[in-house]
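I opened a new structure today. I wanted to know how its parts meet, and where one residue sits.

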Amino acid sequence: MEMIKIFDTTLRDGEQSPGASMNTEEKIKLALQLEKLGVDIIEAGFAAASPGDFEAISRISETLKESTICSLARAVPKDIESAAKALEKAKYKRIHTFIATSPIHMEYKLKMQPNEVIKRAVEAVKLARSLCEDIEFSCEDACRSDIGFLKEVALAVIEAGATTLNLPDTVGYRLPNEIGEMIKEMKTCVGDRAILSVHCHNDLGLAVSNSIAGIQNGARQLECTINGLGERAGNTALEEVVMILKTRKDIFGNLDTNIKTKEIYATSKLVADITGIRPQPNKAIVGKNAFAHESGIHQDGMLKHPETYEIMKSSDIGIPQENGLVLGKHSGRAAFKDKLVSLGFDGISQEELDSAFEKFKILCDKKKEVYDEDIRSILTDQTSKIPQIFELISLQISSDSNGVPYAAISIQKDGTNRIDAAIGNGSVDAILKTIDRISGYNGVLKDYKVEAVSEGKDALAKVVVKAEFEPNKPAFIGHGLHLDTLQATARAYIGALNSYLSMQKLM
């Protein structure tokens, strides 16, 4: 088999989706899942961009043992040196440096002549290579660059020490045949002196098609994100390109990846939970309706033979075969642990297991039926290691159709309970204003989402909020899980505040 390297940039390019910012603990959790998924190279961030990014890359480097950890860096000495420092503790490390090569970028953004761009690129690669053996160089906006100039840059940076050459469709402009022709010509030029990589954006909805065209013409690294997250319309979706290669063996025969496809669903769910951005229902592979059949004709065919309307099995990507009642209040710890393993949570600590089991028992007393998704949500919610600077103790709400809603809340900080109340335009507004009064931080709510974790009137409510605590600064995400939606709301908002405060300590 000839292996295609999977370069995941969910933690870097994916995080650039509006509102998809993650804190350090969330990045570490996701990085561990990406390693479990079998990702070859994880681009953990842009070390020079912020102290938070540097800290996340450094801690991920220290934690992961199998995947290569990568940091992005502009073709600027301080960026490259910062990347190398953040990657110091990584078992396998890569520095990814870049500069734009298209006429429009060189003229208007860089204000540099082509010969100056080549000189800067070579100097950057030489510096990076002196600090790290595995160097990737990207020609930003390669797909709108002159092919002759691309060849000049490619040969120069490879001679300087680059081991991977990335040719991104930065603005998602090209068609598959155009990408294929470019990669084929560059492959002839470069030969086996470096691995060619494709990084396609989805502005015209062609990211996956363009990536596949790149592979068919000699690229041997795919740059992608989970759920296709990324700037503007997003990036190539990892789950789609991987399943194309797996499903169409008649076309791609000897090409394969190291991805453990049964971890795709769990990884997609984790990214959606952390970022609050869920794939649309009809999203290929991981959308809610991807394996659903409502048409009578389709249902009839499925009953007679699954392959009449399904080209792959839901179990191939790790979707549980049944989502029925699994455990009850009389279930023991051993049975609960077995269920966690079957859901993919086989690496949790004893402390995490004990905490999850306690929450499971409480839920069993309150809820008629407990589903796999309830248990999955408990684990996802309770494994967050964000410092709990503020913690919700109690919440009381008063609201009727003719009265003024108010909230009375008790919050603990440093072992001391703080109690206050406020009125609002509605129950949610009253809750947020009360938390602001108690904490002393005034947040601006940017997004608010509520969804039922499972089915039934007693389903757990999962609330995701995005709140801004400083003007013109990134919003922070908070998650809340509870049978009562307003309790979940308070927890989510406090979670966003705690995330903001934990990041402030790194500044």
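I am working with a predicted model, where local features need pLDDT of at least 70, side-chain atom pairs count only at pLDDT 80 or more, and totals for chains, interfaces and linings use all residues. Residues are numbered from 1 along each chain as its sequence is written, and side-chain values use heavy atoms, with hydrogens and water left out.

Entry 1, domains. I found domain 1 (2-275), domain 2 (296-383) and domain 3 (390-505). These bounds come from an automatic or database domain assignment. I looked up the C-alpha centres of domain 1 and domain 3, and they lie 37 Å apart.

I saw 11 residues of domain 1 in contact (heavy atoms within 4.5 Å) with 7 residues of domain 3. I then checked salt bridges (a side-chain nitrogen of Lys or Arg within 4 Å of a carboxyl oxygen of Asp or Glu). The count between domain 1 and domain 3 is 0.

Is I99 buried or exposed? I99 has 5% relative accessibility, so I count it as buried (under 20% relative accessible area, with exposed over 50% and partly exposed in between; 1.4 Å probe, protein chains only). I99 and A73 are 26 residues apart along the chain, and their C-alpha atoms are separated by 9.5 Å. I left aside neighbours within four places in sequence and listed contacts of I99, among them A75, L110, F137 and E140.
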